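Subject: Structure handover

Hello,

Here is the structure I promised you. Please open it next to this email and follow along.

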Amino acid sequence: MQAPAPLFEFLLRQGDNALVLGHRMSEWCGVGPALEEDIALANTALDLIGQTQLWLGYAAEVEDEGRSADDLAYLRDPYDFRNLLLLEVPNQDFGRTLMRQFLFDAFQVPWLTALGQSSDQRVADIAAKSLKEARYHLDRSAETVIALGDGTEESHTRMQAAVDGLWAYTGEMFADDETDAAMSAEGIAPLLSSVREAWRATVDATFSAAFLTQPEGSFAHSGGRTGARHTEHLGHMLATMQTLPRSHPGAVW
Amino acid sequence: MTPATAISEAKVWEWLEDVPDPEIPVISVVDLGVIRGVAVDDQTVEVTITPTYSGCPAMSVISLDIETALAKRGVEQVRLKTQIAPPWTTDWLSEKGRARLETYGIAPPQEAGGPERCPHCQSQQVERVSQFGSTPCKAQWRCRDCLEPFDYFKCI
């Protein structure tokens, strides 16, 4: 089998990040800790699913094999997904859900800003559209991280546990590989490592205001963006997410 | 039926003024700023629309409503084009639309990031309840004077 084109691979990574996090956020629908939070989580999910349609829609066109964005979302198996491991791990509590959202939003804002300068006009357009939503998400997730980190003893303990539990998944966001090198060479996207400083600055400022400590050590899980080694959680998530189109092929609303 | 030759772009814009936003029916899709272009080519009317938020579920209803409204005016061929760049901004809300939002009870968007005043009693003593609301384009606020909750149209 021929290796997939780097642009297709790159677009899957963008789309799968939005899709997997969007689905995780949607799992809160109806069970949020307060009505306002429930609505906020569902709205964030909605933005992310909308962004997924743009990325995977373009991916499907680039692939040119007759697959649609829906086919890519609903008919691929776990090892064909290209999302960060950070985004597929289970939500656990509300604090950990918002911490994960914050860690990703803090990456997504400088990343989409940089993609706005892409030599590929479609990539630049999708990034510019998504950036507006990502900025709004970051405002909220950073504010919530601070409110809970600097909240009660219980909320602080949970937020610190969330950082400790998720930290080893953050390194994958900045681990460049041959796809990233190819995108960078064509001016389609910068290297991931180029936005690390901007991410760190947001994380440092927010954690400092939230009285949260960054764990020591630089161990980073990897394998999500390449599809080489997803966690066992992704398959369970997809089983729920994909059940309808897989059980009823061709079903439409 | 209106003969196709009588259709002008200005006429189409006028007809679209009568298509309400499905979720905020006091303003039209033109007031909302999602209509980015109208082109009339022989028998075909092409309308270019842009989504407010990339996942806004109202977009398919808006498309359907536009097609229905134009069909009622005798337009036989409607082509809808979606465009995402430049991205939609609340700066594209019309002045008429902003005024209608406020009368309806939705505070219009402000650069400062929050409502200027309560749409019910005009008090400036307002506070945010949540950054999100009943649709992707709105947030929930409340008035500390009249104590009424209200929607605020997010500024993006």
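Between chain A and chain B, nine residue pairs are in polar contact, both partners being at pLDDT 80 or more. That cut-off applies because this is a predicted model, and side-chain atom pairs count only at pLDDT 80 or more.

Which elements of chain A face the partner? Helices α2 (35–63) and α6 (121–149) of chain A each supply at least two residues of the side that touches chain B. The residues on that side of chain A divide into nine charged, seven nonpolar and six polar.

Now the salt bridges across the contact. The count between chain A and chain B is one. Its partners are the side chains of Glu143(A) and Arg128(B), with N to O at 2.3 Å. Find these two residues in your viewer.

How many residues does each chain bring to the contact? Chain A gives 22 residues, and chain B gives 23 residues. Together the two chains bury about 1,900 Å² between them. Carbon and sulfur atoms carry 61% of that area. On the chain A side, three residues stand out: Lys129(A), Lys132(A) and Tyr136(A). They supply 36% of the area that chain A buries against chain B, more than any other three residues.

Next, the empty space. Rolling a probe the size of a water molecule over the atoms shows where empty space is left. The largest pocket has a volume of about 1,300 Å³. It is lined by 35 residues. Closest to its centre are Ile49(A), Gln53(A), Asp70(A), Tyr74(A) and Trp253(A).

Where does the lining come from? In chain A, the elements that give two or more residues are α1 (6–26), α2, α3 (69–74), α10 (232–241) and α11 (243–247). The largest share, eight residues, comes from α2(A). By type, the lining residues divide into 21 nonpolar, twelve polar and two charged.

Back to salt bridges, this time over all chains. The count comes to 23. One of them joins Arg82(A) to Glu9(A), with the closest N and O atoms 2.7 Å apart. This pair links distant parts of the chain, 73 residues apart. Arg82(A) is in the loop between α3 and α4 (85–88) of chain A, while Glu9(A) is in helix α1 of chain A.

Two backbone details are worth a look:

- The peptide bond from Ala85(B) to Pro86(B) is cis, with omega near -5°. Pro86(B) lies in the loop between β3 (77–82) and α4 (95–104) of chain B.
- Asp64(A) has phi near 60°, a positive value in a residue other than glycine. The loop between α2 and α3 of chain A holds Asp64(A).

Last, chain B as a whole. How many helices and strands does chain B have? There are four helices and seven strands. From the N terminus on, the order in chain B is α-α-β-β-α-β-α-β-β-β-β. The C-alpha trace of chain B spans about 55 × 25 × 20 Å along its principal axes.

Best wishes

Note on methods. Residues are numbered from 1 along each chain as its sequence is written. Chains are lettered from A and ligands numbered from 1 in the order in which they are written. This is a predicted model: local features need pLDDT of at least 70, side-chain atom pairs count only at pLDDT 80 or more; totals for chains, interfaces and linings use all residues. Side-chain values use heavy atoms; hydrogens and water are left out. Contact means heavy atoms within 4.5 Å. Buried area is the accessible area (1.4 Å probe) that two parts lose on being put together, summed over both. A salt bridge is a side-chain nitrogen of Lys or Arg within 4 Å of a carboxyl oxygen of Asp or Glu. A polar contact is a pair of N or O atoms within 3.5 Å; within protein, one must be able to donate a hydrogen and the other to accept it, and residues adjacent in sequence count only if both atoms are side-chain atoms. Ala, Val, Leu, Ile, Met, Phe, Trp, Tyr, Cys and Pro count as nonpolar, Asp, Glu, Lys and Arg as charged, and the others, Gly among them, as polar. On a 1 Å grid over the protein atoms alone, a cavity is a set of points where a 1.4 Å probe fits but cannot get out, and a pocket is an open set with protein on both sides within 12 Å along at least five of seven lines; lining residues have an atom within 4 Å of a point. Grid points are joined across faces, edges and corners, and a volume is the space filled by probe spheres set on the points.
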